[in-house]
Amino acid sequence: MPEKEQLTPSNPVSRRQFLKGAGIVIGGTAMGSVFLLSSCGDGGEVTKTVTKTTTAPGQTVTTTAAGQTATTTVGAVTKYICPFDNQEFDTLAALKAHLEANHVGADAANITTLTVNGDTYAFVDLKPYTSLLYLLREKLALFGAKNGCNMGECGGCTVLMDGKPVNSCLVLAVEADGASIETVEGLSDGITLSTVQQIFYDEDALQCGYCAPGIIMSATALKREKANPTLDEVREALSGHMCTCGNLNTYMAALLNLR
Amino acid sequence: MADYAVVGKAGNKEKTIVQKLTGRLDYADDRLPGQKLVARTLLSRYANAEVTAINTSAAEALPGVKAVITYDECPMLYKSIRRWGQEIAAVAAVDNETATRALELIQVTYQEGNQISDVEEAMKPGAPLTGVWEGTNIRTSELLRGDVEAGFAQADQEFTETAGWTNFWQHKEMEPWSATTYWVGDDLYVWTTSQNPFGQRNTIKNTMGWPMHKIHLISHGSGSGHGNKHGANWIIIAAVLAKKAGMPVSYHLTRFEQCCSSTAHQNKGKLEMRVGVKNDGTITAVEATYWADGCSGGATTASGMDFGFRYTYNVPHAKWTFYDIATNTPLRGAFRCVADPPGDALYNLVMDKVADKLGMDPLEFRIKNLVAPDMLQFESKMPFSSMGIRQCLEQAAAALDWDTKWHQPGNRTLSDGRLHGIGIAGHIDSHGQMSSPCGAILNLTKDGKCLIAPGQSHNAGSINAHCHHVAEVLGMKYEDVHVGDWGHTDVTSEGGSEGGSTRCITLGSAYVEAALDARAEAFAVAAGWMGLTPDKLSAGDGLIFETANPTNSKTWVEVAGRFSYPIIGKGYSWPKKLRRQVLNWPVGTDCEVRGQMAQAVEIAVDPDTGQIEVLNMASAIDCGQAIYRSGFNKGCFGGHEIIMGETLMYEQVIDYGNGASMNPNFWQNAHVTAMDIHPEGFNAIAVETDDACGPHGCKGVGEPEVSALACMANAVYNATGVWIDSLPITPDKVLQALGKA
Amino acid sequence: MKDIKHFNATSINDAAAKLAEAGSAPIAGGTDLVTILRAMVNPNSPDTIVNLKTIPDMAYIREEGDALKIGALATLSAIAASSVVRGKWAALAQAAHKVGSPQLRNAGTIGGNICQETRCWYYRTEHNYFACLKKNQQGLCYALTGDNRYHSIFGATNGCVCVNPSDTAPALVAFGATIKTNKRDIAAADFFDVKVAPNKSAMTVLGQDEIVTEISVPAPASGAKSAFVKFALRRAIDFPIVNCAAVIGGGSASIVLNAVAGKPRKVTAAEQSIAGKTINEANAAAAAEQAATGTLSIGKNKYMIQLAKAMVKKAILACA
């Protein structure tokens, strides 16, 4: 996960530093435990976690027709390591079974594993009411997806789940077990823009920007399916999004090169 | 027309666009991941009541709850309830779900009063009191101009027409009220959405008595404002909770809270206007009565609804009577303008009615009765620094092919059976002017760039406009002027309110001054180096050069490399006075600086369902001079969507039986979707009159972009031959007008 | 939201056994249930959520013999995109396609769509602020005397004037579909109800531990065409104010309105009027007039009667 993140004065902590800082929290709290399984073993700096295959920065994720995500890989994964006792396992499933058997409570269903922007995480003892949106924002500091309404009416929380746009506010995080999630942060390292981001950049197509991450994810899914969408296809792809600056027409015009 | 090097040029981009595109711009809730408590507020079940007892002990005992406060501890929580959904108590807990459960454990005892949420009930003689004002539900005022009876005596005909009620529309910004707050000792740190960071700091200080210098408020990313984010209610609630809990608190309102609590909605108005006209369509006199719903805050905005009429039409004799009526409904506040949009929806509908009765094209009728650029404004007696209202009407009409497309009402059907209609409206707006004094600071870097630090929020495009002003004056390229930090009360200078369509012109003028200040010092350095005096120098395109011999030049980078001390630019905004002679009025004359606009719309109405589709729309705005060109265009196009929403969809539905808001969400209180709009049919036109007060000739446009609401109702009349006086114009009203419901 | 427990069912029987316990409810796509739980709408909200998505092989869409078989967990977007459905059962694909938004269709399932709760804004107000009769014993119907602009034009069902908001429901009824559960087969026309307190609030006849497993849709008559039309304030996201599905051809007509009453309404008079006739403007309009039969306004919803006629007419014309 060598993520060359652009640090800003107001965002001075890189995700890697944050994740390192989050460390391992053992035992349940009202918010649930964060159990970090994955990090980039970048330059020998490791936490007590596991390296795995991820996309290189800026590299486009290719999608197959079935909506499954195939990623190009950099750096082969070798082992999954239990951070409690350093035992090594060949598969994630084997590690999970080990954790369930040895390091958590009797409820074996209490581990949620999901991949976000190519990195795999496992969460222990998540409260079932926790939404995927909350998980992304508060557990992983991925603030791109926004809480615009928390009820699936505005699209501000849109992420791709197994390649498809969904409202992450309506996904219970425990039910995202096994899913592959993409957020806007995964599209770019902050410096090199993805195709859709570049289109909006070239057309200067944003206003306040709050709805942008969600719209970018829907537009990304559209562009993966159709390189040259029609006006009706663009309309439909964005139809689950609110924009109170009134910028929907500008996003659409940019995607269609209308102006 | 002035030709600037940077100002008004296409292709210049939003300065924070990369951060926005990559999800890395920090909005208020994008802070302290997993380390902040979540606040929820308990909202009243009654619209008029007194809270006689409250018991929070069960809520406090719920595991995960860290603090509970009531009206005893926070002035933004209330015991005397005058609107459904008013805040009574607040909870901070480890997560949203725990806080929400805690609300149900707070026991409140209410003594219920009479609620009156229907303005027509509240204004009836003998109506029970709403409790908003002492002893009455109604306040009234009057305005006279000339001799109204003499004016009517000159008329050949008289018409009395009505319009209204317009609609409550609730603020529904994508980002609700949102703040993350924490304390370090008695220093308060706040990240918040905002339209006025310094104003908010002031409000917090005034409300709570906390020292101003110990309130550290930052607003970076902000998700759309529209007039709802000047206050600090949510910040204060979060801060009081944070103090009590001893932990950071985020108060990011739910949609339910955002539609109730103390957020505001644009109020409703009604008009009855008696108009005297000569046979050729010249208006000789007007007698108007406006009613406005003052809601539970007791707002008095009926007179504001008339602003555009008084400014736009050359009516020498008039009498206005204004009634403001308090009701037990959510607070009234500006929604993308104080009162001009509902006002336009009223008087500009009446204007079309009068034109119709005269058998005149409404565009022609309007233009005939406009004030002229050489007139003083009737009440203020001041000249206008620029006046493009006529060009706005003409160009908006031309963009939609008005001459070919306008027809007699109800007599054009499209091939699919739908009714075609076209309508226009426009006025001189109350907004867009030079407003309260503010300051600007900037830094020149030793690598030849400039960093501005505007003390304002960033919902719209004005920060980019300041970069244009600065680049133009310094003679730098737009790419070399950057925004350093903004909206930070500890660091930036007080930059005023991102409201009233005033930043581009007001803080913009301060930035011109700051750039001139810095440029003078830089020129001193360059002059010394080039063996000239500073008065012999100019700057442009990244170069500082000898005016008389432009090939004798140095780059800004080279000159900056020779700065021996940091060069800072400081400036203050200009007063509202002419900066160049206009007609007979000399420099320094106090003047009217007003944004002006026309919006025109072409629609198709389905006579079976009453559904209205907007086919084409045009917005022509007298902006004086567009500064951030792309921002101007986006703002016009955005205004199209908002006008569609305001006229066709937005409605905060109040159940008059109990005063409840029935649609506190995005679903039924709706903004247009992508499926509802035709981006290919949208038109943005800059009418550039080169204002004589604003920096580089500009005026504000944010509110003019959404103001000529009557264009829609006028188009509906043109389509159907039936007037629909009230907003929003929903299918049920169209069907009723067509006799089908 | 309550501090809910969550159970991943591994089979239908597993789910049913869990649902038999008091205080449990099934979750499919979650796009409706999560909002209801989060807003604490219902005073008797479940303590345990039983996840049906972990039951294998519940999301199929296939033609078997003459019939269309859809697993209850098939998503609305999969149904809308399915070439099988878009062929002979076009109205169902169109209906699925008109639900909400792409995001909601990617998560929402057909099982959930036909089981969803009403949108009545009194019912849906947070924290049970309006303790209406649908979810509270001794409750009353606030819509009857309040703002009922979106409510039933066919009177009350069990005292409640709410409407059924499903887009797929009228298409399923129009095709004569069968809803299969773990306990029985139910004709689509008999599947819907308005359950009020003291029963558990619901919009179907399903029992507490009864789960929809499959929807079976017979092939329409040879040469028949089908269409679905939806009227809402906006062209996306919104629930219907009135919708209509029609299957016409081969001498017969099946026309069903929804969002006009507590259950989908077969417009028998319109069916009889158009069946066997050429579909043209005049015949469609004449049939559509019949849609008003039996309607009544309860205050603010009179316009819905005209909309019902308009939608019937549009649906018929779309089958031409």
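These legends accompany close-up views of a predicted model.

**View 1. Chain A as a whole.**
Let's start with the overall make-up of this chain. Chain A holds seven helices and ten strands. It has 259 residues, and 55% of them count as buried. Among the contacts in chain A with a separation of 6 or more, 54% are between residues 24 or more positions apart.

Is strand 8 of chain A covered on one face or on both faces? This strand, residues 158–161, is covered on both. Thr158(A) and Leu160(A) are buried on one side, and Val159(A) and Met161(A) are buried on the other. As a reminder when you follow the side chains, those of a regular strand alternate between the two faces of the sheet.

**View 2. The partners of strand 8 in chain A.**
Follow strand 8 of chain A to strand 9 (residues 164–167) of chain A: the two run antiparallel and are joined by four bridges. Strands 8 and 9 of chain A form a hairpin, with two residues between them. In the turn, Asp162(A) has a positive phi of about 50°. Strand 8 of chain A also runs antiparallel to strand 10 (residues 180–182) of chain A, and two bridges join this pair. Here Met161(A) has Ile181(A) of strand 10 as its bridge partner.

**View 3. Where chain A meets chain B.**
How many residues of each chain are in contact here? The counts are 57 residues of chain A and 56 residues of chain B. On the chain A side, the elements that give two or more residues are helix 3 (132–139), helix 4 (195–202), helix 5 (212–225) and helix 7 (248–256). Helix 7 of chain A provides the largest share of that side, five residues. By class, the side of chain A that touches chain B has 28 nonpolar, 22 polar and seven charged residues.

**View 4. Helix 7 of chain A against helix 18 of chain B.**
Now zoom in on one pair of helices. The axes of helix 7 of chain A and helix 18 (residues 629–648) of chain B come within 8 Å and cross at roughly 120°. The two helices are therefore oblique to each other. From helix 7 of chain A, the contact is made by Leu248(A), Asn249(A) and Thr250(A). Helix 18 of chain B contributes Lys634(B), Phe637(B), His640(B) and Glu641(B). The residues of this contact divide into two nonpolar, three polar and two charged.

**View 5. Where chain C meets chain A.**
In this view, 22 residues of chain C are in contact with 24 residues of chain A. On the chain C side, at least two residues each come from strand 1 (5–8), helix 2 (33–38), strand 3 (48–51) and helix 6 (102–107). Which of these elements gives the most? That is helix 6 of chain C, with five residues. The side of chain C that touches chain A has nine nonpolar, nine polar and four charged residues.

**View 6. Domains 2 and 3 of chain B.**
Chain B is divided into domain 1 (17–24 + 435–572), domain 2 (37–113 + 178–252) and domain 3 (266–421 + 591–737). The C-alpha centres of domains 2 and 3 of chain B lie 37 Å apart. Between these two domains, nine residues of domain 2 are in contact with 13 residues of domain 3. The domain 2 side of this contact has two nonpolar, five polar and two charged residues.

Key
Residues numbered from 1 in each chain as written. Chains lettered and ligands numbered in written order. Predicted model: local features only at pLDDT ≥ 70, side-chain atom pairs only at ≥ 80, totals over all residues. Contact = placed C-beta atoms within 7 Å. Nonpolar A, V, L, I, M, F, W, Y, C, P; charged D, E, K, R; others polar. Buried ≥ 20, exposed ≤ 12 C-beta atoms within 10 Å, placed from the backbone. Pairing = 2+ DSSP bridges. Axes fitted to C-alpha atoms, helices over the stretch in contact; angles between N-to-C directions. Parallel < 35°, antiparallel > 145°, perpendicular 65-115°, else oblique. Domains from an automatic or database assignment.
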